[in-house]
Amino acid sequence: MVQKDEVITINPKYVGPSFESFLAENLTEEEITLIKAKAKFLNEESSICHLSEIAGMSKEEFIKYLGANKISICDYADENEFLDELKNA
């Protein structure tokens, strides 16, 4: 699984089907939609509310989906920010 800060390199000499056509041949439309929604979340391109709609899920279902894929919906800059948030909970 690609992590948020992981860099992916692509072989410039690669000749073959595009990644999108590979996905289309090997995954269902629903799986592709979920992968795209997950990628948009990791790239901070949209809100959970919007992405859950794209994925055809409730917000709760989408949050659980992210969690099942080991993706946290909380992004704390450091431990102190997390501890402050925990105190105020």
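**Salt bridges and a helix pair**

Author: Glu-60 and Lys-64 are both exposed (over 50% relative accessible area; buried is under 20%, partly exposed in between, with a 1.4 Å probe and protein chains only). Bear in mind that this is a predicted model, where local features need pLDDT of at least 70 and side-chain atom pairs 80 or more, while totals for chains, interfaces and linings use all residues. Numbering runs from 1 along each chain as its sequence is written, and side-chain values use heavy atoms, without hydrogens or water.

Reader: OK, what does Glu-60 form with Lys-64?

Author: A salt bridge, with the closest N and O atoms 3.2 Å apart; the term means a side-chain nitrogen of Lys or Arg within 4 Å of a carboxyl oxygen of Asp or Glu. The two are 4 residues apart in helix H4 (residues 59-68), so about one helical turn separates them. Helices here are DSSP runs of H or I with at least four residues, strands are E runs of at least two, and both are numbered from the N terminus.

Reader: How many salt bridges in the whole structure?

Author: The search finds 3. Asp-84 pairs with Lys-87 at 3.9 Å between the closest N and O atoms, and Lys-40 with Glu-45 at 3.6 Å.

Reader: Is Lys-40 exposed or partly exposed?

Author: Partly exposed, at 33% relative accessible area.

Reader: Switching topic: how many helices and strands?

Author: There are 5 helices and 0 strands.

Reader: And what share of the protein is buried?

Author: Buried residues are 18% of the 89.
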